[in-house]
Amino acid sequence: MVRERNLAIDRYRGLAIVLMVLVDALEDVARVPAWCKHAPDTGFTIADLVAPMFIFAIAATYRQSFLRRAEKGGAYAHFTGRYLAIIGLGAIFSAGGSVVELATTWGVLQAIGAAGLITLLVIKLPTLARAGAGLGILAAFQLASSLSPGFAEGVFTGDHGGFTGSLSWSAMLILCTVIIDLYNKGIKPFLLGTGVLSVLAAGSLFLVPISKHRMSLSYVLVSVALCAVLYLLADMLSKKLPAKKGLLVWWGENPLLLYVLHLILLILARIPFEEVKPLVPGLAAVAAMVVLLSLIAWALHRKDKRFSL
């Protein structure tokens, strides 16, 4: 039996990948406002919320997909292979980016892949036990970052928290699966869980500076709380909208493929320019990238093609 797609998830996933493409493409364009780019160290901008949105979009189907495959057998092998493949893709594009001085030691795909593998260890746990695991991993990571100079150096000097930052990314993914569980149980459990998370997030801001670069405890908690609210709004809006699909749904049907294609386009777009693109040519390159990827998303939608690992 073919399962009907959840358009709210597709729209949310599509919004996450569109914003991620825009943020990455605008990063090296001159005169773009600072709030459109990642905070250099401590601080929080709209760009810093994009990767957590993508993590939340993965969480929206992670556990359900795992449990369905577990009924047939081989779930652990399948998901291990999936996230190892994502790490491998990230390594390939990190190497390719070094050719045009876009090198990154530990990119988004590697962080997602590692987070997926760690989350796999606890994905079968009940909701509350998973919440405890996520918070425990996050607390342990923050303590290690604060108390161990060697551990902290690995986090601060690496992109996206480096290899050790994968612990914090995994805590984020685990907590996102918890929020999705609560949402599937009803609006009251969701609001209660999101409320508790929001209180923890607000309190953490007084204890730890918010920083994506450091993958700090406050960054993770604030990001998950905001993503939960955005997901609620996306779902409520989808219930008001007609079932007709549109641009965000097209993107949301093939997010990983479009993200990989945008990495290729980023490398190609960097070749004619120096380190920073001038404003007008840079924006033109960004617009061309979004239009091209939208056309590809539309064509795949028309042919009912889905690509996933």
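Is the crossing of α2 and α7 left-handed or right-handed? It is right-handed. A crossing is left-handed if the near helix is turned anticlockwise from the far one by less than a right angle, and right-handed if clockwise.

Before I go on, a word on the model. This is a predicted model, where local features need pLDDT of at least 70 and side-chain atom pairs count only at pLDDT 80 or more, while totals for chains, interfaces and linings use all residues. Residues are numbered from 1 along each chain as its sequence is written, and side-chain values use heavy atoms, with hydrogens and water left out.

Now the overall picture. The protein has 12 helices and 0 strands. Helices (H or I, at least four residues) and strands (E, at least two) are DSSP runs, numbered from the N terminus. Along the sequence the pattern reads α-α-α-α-α-α-α-α-α-α-α-α. The radius of gyration is 19 Å, close to the 19 Å that the globule rule gives for 309 residues, so the protein is as compact as a globular protein of that length. That radius is taken over C-alpha atoms, and the globule rule is 2.2 Å times the number of residues to the power 0.38. Along the principal axes, the C-alpha atoms fill a box of roughly 55 × 50 × 35 Å.

What share of the 309 residues is buried? Buried residues make up 50%. Buried means under 20% relative accessible area, exposed over 50%, partly exposed in between (1.4 Å probe, protein chains only). Next, contacts, meaning heavy atoms within 4.5 Å. Of the contacts with a separation of 6 or more, 77% come from residues 24 or more positions apart.

Back to the helix pairs. Take α2 and helix α7 (residues 166–185). They pack at an angle of about 55°, with their axes 8 Å apart. That makes α2 oblique to α7. Axes are lines fitted to C-alpha atoms, for helices over the stretch in contact, and angles run from 0 to 180 degrees between N-to-C directions. Under 35 degrees counts as roughly parallel, over 145 as roughly antiparallel, 65 to 115 as roughly perpendicular and the rest as oblique. Among the contact residues are I55, F56 and R63 of α2, with W169, C176 and D181 of α7. By class, this contact has 14 nonpolar, 3 polar and 2 charged residues. Ala, Val, Leu, Ile, Met, Phe, Trp, Tyr, Cys and Pro count as nonpolar, Asp, Glu, Lys and Arg as charged, and the others, Gly among them, as polar.

The contact includes Y12, R13 and M20 of α1, and F54, A57 and T61 of α2. It divides into 15 nonpolar, 1 polar and 1 charged.

F141 lies in helix α5 (residues 127–147). At 1% relative accessibility, F141 counts as buried. Leaving aside neighbours within four places in sequence, F141 contacts residues including F151, V155 and R214.

S204 lies in helix α8 (residues 187–204). It counts as buried too, at 2% relative accessibility. Not counting residues up to four places away, S204 touches L217, S218 and L221.

And I92? Its place is in helix α3 (residues 75–98). At 55% relative accessibility, I92 counts as exposed. I92 and L221 are 129 residues apart in sequence and 31 Å apart in space, C-alpha to C-alpha.
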